[in-house]
Amino acid sequence: MPWVFWLDLAAYGVSTVVATALAMMVLAAGVYHSVNRRFAVFVSAEAAWAIFALLLRISLWTSVGNPSLLLELATLAFALTGPLLLMFTVRYVGRPVWGVDTAAGMGILLVLALTPFLFRHQLIYSPRIEPNGVTTHDLTFWGFVAGVLPALYSFWALILFWRERRRTGEPFMAASVFIFLMGFVIGGLLRVPFPVMSFSTTVSVLVLGYGIVSRQLLNPLRELTVELERKVAERTGELEEAVARLREANTALERRALQLAASAEVAREAAAIRDVGKLLDRVVRLISERFGFYHTGAFLLDEGKEYAVLRAASSEGGQRMLARGHRLKVGEVGIVGWVAGTGRPR
């Protein structure tokens, strides 16, 4: 047999061993987790396909057994991998599962409905080994159409992984599905005269295995750690917000304390002045200096209590207004008139 045949045989052997080991490993890590069970079912179907594909090549090589039956069993197992992969993917990325599960369930029912036609050799038939060592077969038109089904489901799963790549932060799953899908399209649908599917499947399960072992994917302990890290990040954010609010409150208290100190200073200096004109002039200047105001003005009511008359001002503009005898109608003009009329601060 040509070397290509032996490479093909070895690739399916490796895929069988790795996929079976992954299924057992994930179930052992957390059989009660739905995502783990779905993954185990998917890789079990992948392992079944690799086993039947391996037995098919051995049967063709040794001329022992029923190659057509093995080909059909391998085809059935592979057809189920697409919907099963999608059911796992939607749980892994944390998207709503009901609609996707319904679509995947319909795909499984369709595969089962086509099973009688498959085993009557109406979809795929005539398995054989070509002179170059590549194992091939013939497809009917409807066999080709049915073969698109697992590709569509795998493509759907790849889209979900891609859209959620930043949130999940896990590239191995998406890379494995991409390799798996490309291998099927090139080797299964386009039927390139080279054992593309066996090699792509081997690489796909090896990438998946590396991700699961090295990153502890689908391990409840890892999920718990991620959840704890998320909660710590949330609590840290809340603590930082609380600290920021405390700083703001402290700043406000410090500002209030300075204002009270300034008020006390103004009161002390005002108590030492007996002349009303000097008193008002000193008060407006102290208020502007201590409280950081650009302009402070003091108004007194006239004898008829009709106007609020400006008696002292701290700014240059206020001094000019003072020189003009600036006054405002009580209760009618501006904030000063409103305060003078109501007796309430504004």
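In this predicted model, helix H2 runs over residues 34-62, and its 29 residues reach 42 Å from the first C-alpha to the last, close to the 42 Å expected at 1.5 Å a residue. Just after H2 comes Ser-63, which takes a positive phi of about 60 degrees.

Helix H3, made up of residues 67-92, has 26 residues and spans 37 Å between its first and last C-alpha, close to the 38 Å expected. At Gly-82 the helix H3 bends by about 30 degrees, and a proline, Pro-83, follows within four residues.

| Helix | Residues | Number of residues | Reach, first to last C-alpha | Expected reach |
|---|---|---|---|---|
| H2 | 34-62 | 29 residues | 42 Å | 42 Å |
| H3 | 67-92 | 26 residues | 37 Å | 38 Å |

How much space lies in the largest pocket? The largest pocket holds about 780 Å³ of space. Of the 42 residues that line the largest pocket, the closest to its centre are Thr-75, Ile-124, His-137, Gly-188 and Met-197. The elements that give two or more residues to this lining are the helices H1 (3-30), H2, H3, H4 (98-119), H5 (141-163), H7 (171-189) and H8 (196-215), together with strand S2 (135-139). By type, the residues of the lining of the largest pocket divide into 28 nonpolar, ten polar and four charged.

Key
Residues are numbered from 1 along each chain as its sequence is written. This is a predicted model: local features need pLDDT of at least 70, side-chain atom pairs count only at pLDDT 80 or more; totals for chains, interfaces and linings use all residues. Side-chain values use heavy atoms; hydrogens and water are left out. The expected span of a helix is 1.5 Å times one less than its number of residues. The bend at a residue is the angle between axes fitted to the seven residues ending there and the seven starting there. On a 1 Å grid over the protein atoms alone, a cavity is a set of points where a 1.4 Å probe fits but cannot get out, and a pocket is an open set with protein on both sides within 12 Å along at least five of seven lines; lining residues have an atom within 4 Å of a point. Grid points are joined across faces, edges and corners, and a volume is the space filled by probe spheres set on the points. Ala, Val, Leu, Ile, Met, Phe, Trp, Tyr, Cys and Pro count as nonpolar, Asp, Glu, Lys and Arg as charged, and the others, Gly among them, as polar.
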